[in-house]
Amino acid sequence: MSAVRTTAGARRPIIEIRGVERIYDLGKIYVRALDGIDLDIMENDYVAVMGPSGSGKSTLMNLLGCLDTPTAGRYLFEGEDVASMDDDELADIRNRRIGFVFQSFNLLPRANVLRNVELPLVYAGMSREERIERARGTLDIVGLSDRAHHRPNELSGGQRQRVAIARALVNNPSVILADEPTGNLDSRTGEDIMEIFESLYRAGNTIIVVTHEDDIARHARRIVRLRDGHIESDEIIGRPYLAETPAAH
Amino acid sequence: MRRIVTEFAENARIAAEQIGAHKMRSLLTALGVIIGVMAVTLMGTAVNGLDKGFSDSLDMLGTDLLYVERWPWGGAGDDWMRYRNRPVLRTEFARQLNDIIIDTPNSALDTAVPCALSFRAIQRGGESVSNVYIVGTTVPYGYVNRADIEFGRFFNDAEYTSGRNVIILGYDVAEALFEAGRETAIGQEVRIRGLRFEVIGVFRRQGSFLGLQSFDNQAAMPLAALRRFERGNWHTHLRVKVRPDASLHEARSELEGAMRRIRGLLPGHENDFEINQTEMLEDTIGNVKTQIAIGGFFITGLALFVGAIGIMNITFVSVRERTREIGTRRALGARRTTILTQFLMEAVGICLIGGAVGLTLTVALKFVFDATVPAFPFILSPQLIVAAVIVSIATGILSGFVPAFQASRLDPAEALRHE
């Protein structure tokens, strides 16, 4: 149980993308936002997706998050073909296997912290008692159990993002997808948030961070750079897989 | 299944929070529904009340009575001249009818009484009640009309035969002329056109026809007594009681045959009299009810239409305001149907609030009505409350559907980018 595996090949792939294209039909013109992308992301990987605006970064993020489907190519999420799924199936994938963290937190302003964290479990149809137990558990992980009954507007930016991370974790997802998670935070608070991602990574979670900041990308194990809808570079920056055992799913 | 329940509970909670967060906006939006629900419930209570008042009044007129008159009830229409030129009905027809009834085996008819009418003032000392419906009739009048005597008695055979000047006063007349109490009227004298009449009885209170025409502004006396001040038969009609076990229809055709015999009408000649029964009034009141219902539905429909547009509009606004929230919920695993029901429930919630306010106002109005116009029966039935709730929910679903559907079709990725 103690073997630290450092090679990707031995690990289970979470995401396999082959020749994926995404073309936006804007009426008069077609925009080819992604133009034949291949990408594999393994269990317990920690990937930073970088690129200037217009590089297809957001499009890729939407596809990875099953918020959108490719125009062409194959996308397997844990071996399942996402491209052919209907809307309800995509919603279920997002609900159970993907944890979203957004730049502007996207908490529900009128709901308290506990209810915000509970929300994915509501859509999973979990009973109220179980929801509260699970939500409190993940609030512990981000160190906010004492704020469970506060409203988002009573929290600092960093605390709000920690609530959002707790919400992303609550359904025990296969991958955590963070879109500029520190973009609305000052650099110190941003570092705090990246530390939480670091500990989640150590605990065996798979993390994808979309960012345009090199400082943030540095925390990852691997950096994927996009330009004009292509993958410009995909480098492992030397850090090993950290978890002794992958997180259980 | 569990998922549907938890999502429903969550959506109900969101709807309550949203409406609570925009109290004024929600209430203003609900105004159309408030008016609509009030219109539908008020219309319903009016129709219910009319029904109740009408059936009470029909009981007073007697549902087992046939009236032989010159005019049909419910208006003569264009045939005014035809009825106008019919010969008058004479009081002796009642005796002739009773002879025929006795000679007819298994007759469907029971007894006929003549009613010669006079509309005169009755005076006592300085007091006077004008335009009293005075009936000159025979002894069985009380039996035929189920006219109960409160104090004293009806006139007897001897008084009828001799045509004594005795009178039985209606409740309102006795009340007006004898301030000391209706019971003090017995044995006292009243005057009609200078003639003196001894009060021998007072009728029990009968009530009024839909609160409009009172049945208590009447009096009865022997036919011969009435003839002392009212000679013509201009206002004479006959009332015929039907046997309780006989069908009204049979009784009617039997009476028609008997009247034709009395009138000596040859086959092929049309009737020169009319047989009226309370059923005919029901047709008339049916028309009134239909008109109220049509008017009510029009107002209700209009109010609900305007209300529905307001709710549709506010739901569109709500969807726009919360586009990012929709995106977030979709990202967290909400399905399209979940978003659809979320906004539908919000619209329905606003409508239900409108319905509740409308019902409350209707109930308040009912109390006002009961206090000010007690004679008009204002009846709020459970069916009406159920109808109000159904109307509210239906309005919510119809008005909320388009914006809610639009919300459910939003592209999650685009919704998330929405500022």
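Select α3 (113–123) of chain A and helix α4 (residues 128–141) of chain A. In this predicted model, α3(A) and α4(A) pack at an angle of about 120 degrees. Their axes are 9 Å apart. Angles of 65 to 115 degrees count as roughly perpendicular and those over 145 as roughly antiparallel; α3(A) and α4(A) are therefore oblique to each other. Turn the view to follow the crossing of α3(A) past α4(A): it is right-handed.

Now show side chains at this contact. From α3(A), pick V113(A), L114(A), V117(A), E118(A), L121(A) and V122(A). From α4(A), pick R131(A), I132(A), R134(A), A135(A), T138(A) and L139(A). Colour by class: the contact of α3(A) with α4(A) has eight nonpolar, one polar and three charged residues.

Next, bring in chain B. The contact between the chains takes 21 residues from chain A and 20 residues from chain B. On the side of chain A that touches chain B, α2 (87–97) and α3 (113–123) of chain A each give two or more residues. Select α2(A): it gives the most to that side, with six residues. The residues of this side of chain A divide into ten nonpolar, five polar and six charged.

Finally, colour chain A by pLDDT. The average is 89, and 91% of the residues score at least 70. Among the elements of chain A, go to strand β6 (residues 98–101) for the highest mean, 96. Helix α7 (residues 214–217) of chain A has the lowest, 90. Then select residues 1–9 of chain A, where pLDDT stays under 50. The model has eleven contacts beyond four places in sequence for residues 1–9. End at residues 245–249 of chain A, with pLDDT below 50. This stretch has nine contacts beyond near neighbours in sequence.

Terms used: Residues are numbered from 1 along each chain as its sequence is written. Chains are lettered from A and ligands numbered from 1 in the order in which they are written. This is a predicted model: local features need pLDDT of at least 70, side-chain atom pairs count only at pLDDT 80 or more; totals for chains, interfaces and linings use all residues. Two residues are in contact if their C-beta atoms, placed from the backbone, lie within 7 Å. Helices (H or I, at least four residues) and strands (E, at least two) are DSSP runs, numbered from the N terminus. Ala, Val, Leu, Ile, Met, Phe, Trp, Tyr, Cys and Pro count as nonpolar, Asp, Glu, Lys and Arg as charged, and the others, Gly among them, as polar. pLDDT is the predictor's confidence in each residue, from 0 to 100. Axes are lines fitted to C-alpha atoms, for helices over the stretch in contact, and angles run from 0 to 180 degrees between N-to-C directions. Angles under 35 degrees count as roughly parallel, over 145 as roughly antiparallel, 65 to 115 as roughly perpendicular and the rest as oblique. A crossing is left-handed if the near helix is turned anticlockwise from the far one by less than a right angle, and right-handed if clockwise.
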